[in-house]
Amino acid sequence: MSQQNRQAWSPPRLLQLASGARRRADQATDQLVRRISRLRYDPVVNLPRASGDFLGVLDGRTLQVHALLPAGTDPAARAELLLVRGRHVRRCPATPRPQPDGRLSVEVLARLGDGPGEISLGKGTWSLAVAVVDPDQSERRYGLRIAEPADRPGPTVAVPPHPVSGWTYWPGRGVKGVAQLTVTGPAAQAEVVALDHSGAQARIRARLIGVRRLEDPAMVFSPRRGGADHVVPIAPVDGRFEVTVPVADLVTAAPARPDEEVIWDVRVRVAPARLVRIGRFLHDLREPRSVLLTSRVILPLGGDDFASYRPYYTASGGLAVAVLRFTRFTGMQS
């Protein structure tokens, strides 16, 4: 095996491959849960039908529902949206509105999450129903049915993650078209908060998402063309941390041609045998690389030596940095 191949299959590279395989397995499990949920018995199926003409989770956390109740439904004093999973029921306020054709519509706009005023939903599939309360306080329930969601082209994804927690709320339909909301937890990763280039230094500020246990955490810079990793210890506080990028070390650790940038992929080590990705993932962009633009900066290395430092986001939103060393007088240095 050549020296280059030995570098490519070094233990850090194998660890990166294992982390990627684990992430893909978690994604496949989430997809399987959503498919199985369509086949399970659902008590909402047996309720009278309400027709939902819109069900969506806007910006990853705002649940919006619009539904029409059956013709002949009496006006209601108030209404609620019910989210049902087994014996668990969550309620959120809804607004009943009489329509010109005499039918009654129900509108819902609610925040999902664990914060004040938000609706907290555990992992799993929640079926949706509408409850209307008459002036005499008697309650009538209707199962919410929706059509099969259509694919929506455009620059944004249909189901983005929650921008704070990373949880995802997937609208869908189950048995006999019952509207459902499948809740999945966040992938273990680090979300970039800011890229700072002030004070002749480059810094990365980030927060951990979905990481339950930390052991000897560090930020790991891996040269894309092969070679030894550069490891910088971190000390997260409440999941947040800041790292000063060792630009001087990066421009000398992986020698290149005088005019060639060296690209380093960045990850976070959360345990001795586990790396997680770092970047910008909690958004609704289909092409983060073309939208989340960054700037190239020139940083001093000492004397006449300088470094061109260019952080950027990959097609999947992962963080990478490109560095290039040069001198003030002679241009590119060998």
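Reader: Which residues does S308 touch, and what makes them contacts?

Author: Not counting residues up to four places away in sequence, S308 touches R296, V297, I298, A322, V323, L324 and F326. Contact means heavy atoms within 4.5 Å. A word on the source: this is a predicted model, where local features need pLDDT of at least 70, side-chain atom pairs count only at pLDDT 80 or more, and totals for chains, interfaces and linings use all residues. Residues are numbered from 1 along each chain as its sequence is written, and side-chain values use heavy atoms, with hydrogens and water left out.

Reader: Why is S308 called buried?

Author: Its relative accessible area is 4%. Buried means under 20%, exposed over 50% and partly exposed in between (1.4 Å probe, protein chains only), so S308 counts as buried.

Reader: What makes the pair S308 and R296 a polar contact?

Author: Their side chains meet at 2.8 Å. The term asks for N or O atoms within 3.5 Å, one able to donate a hydrogen and the other to accept it; residues adjacent in sequence count only if both atoms are side-chain atoms.

Reader: How do you know that β15 pairs with β12?

Author: Strands are DSSP runs (E, at least two residues), numbered from the N terminus, and two of them pair if DSSP finds at least two bridges between them. Six bridges join β12 (residues 218-223) to β15, so the two antiparallel strands pair.

Reader: How many bridges join β15 to β19?

Author: Four, again antiparallel, and D265 has A320 as its bridge partner in β19.
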